[in-house]
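Here are my quick notes on this one. Have a look at the model first, then read on.

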Amino acid sequence: MKDAKKLCESQSEKLTNFLQKEGILPPYEQKKPVSEANEVPLGVKLTDDEIANGVSLKIAAAATECALVNSQTIRTDIIMIWAELYMEMEVFGANTKTLLRKRSWLKVPPYYTRQVCQIKGACQQDTPSFHFFS
């Protein structure tokens, strides 16, 4: 979590400095109030694996957005900034994935299985078919 926070703060600072240098002032954000982790009831707290998978999901979304912005940008200096942010996200994502595997927190979707019809006559075949031209 400390690495994620450090990465987000450094990237935010880079973008804020760039926007201020370009004359675009980002909107002012109010700081969130400080809270004590021990004051949150146990049923409300997220578990470590829920937090880690949430961070992993945010990394994937952020990397996708970095690549999208990079593909739509025409200025070379902005392309370099987003490419650097993208590479930082990829390195952090790889480290997070290693941690998820090590701690058995990685959520793997279920494997594809063929469904055989339970009701007689409900379906004609038990293998998937794709009809591109009907």
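The points below go from the overall fold to the cores and the cysteines.

1. Ground rules: this is a predicted model, where local features need pLDDT of at least 70, side-chain atom pairs count only at pLDDT 80 or more, and totals for chains, interfaces and linings use all residues. Residues are numbered from 1 along each chain as its sequence is written, and side-chain values use heavy atoms, with hydrogens and water left out.

2. The protein has 3 helices and 0 strands, running α-α-α from the N terminus. Helices (H or I, at least four residues) and strands (E, at least two) are DSSP runs, numbered from the N terminus.

3. Of its 134 residues, 16% count as buried; buried is under 20% relative accessible area, exposed over 50%, partly exposed in between (1.4 Å probe, protein chains only).

4. The largest nonpolar core has 7 residues: Ala-4, Leu-7, Val-55, Ile-59, Ala-63, Met-89 and Phe-92. Such a core is a set of buried Ala, Val, Leu, Ile, Met, Phe, Trp, Tyr and Cys residues joined through side-chain atoms within 4.5 Å. Two or more residues each come from α1 (2-21), α2 (48-72) and α3 (76-102), with α2 giving the most, 3.

5. Another core lies apart from that one, with 5 residues, including Cys-66, Ile-78, Ile-81 and Leu-85.

6. On the cysteines: Cys-66 is buried at 4% relative accessibility, while Cys-8 is partly exposed at 48%. The structure holds 0 disulfides (pairs of cysteine sulfur atoms within 2.5 Å).
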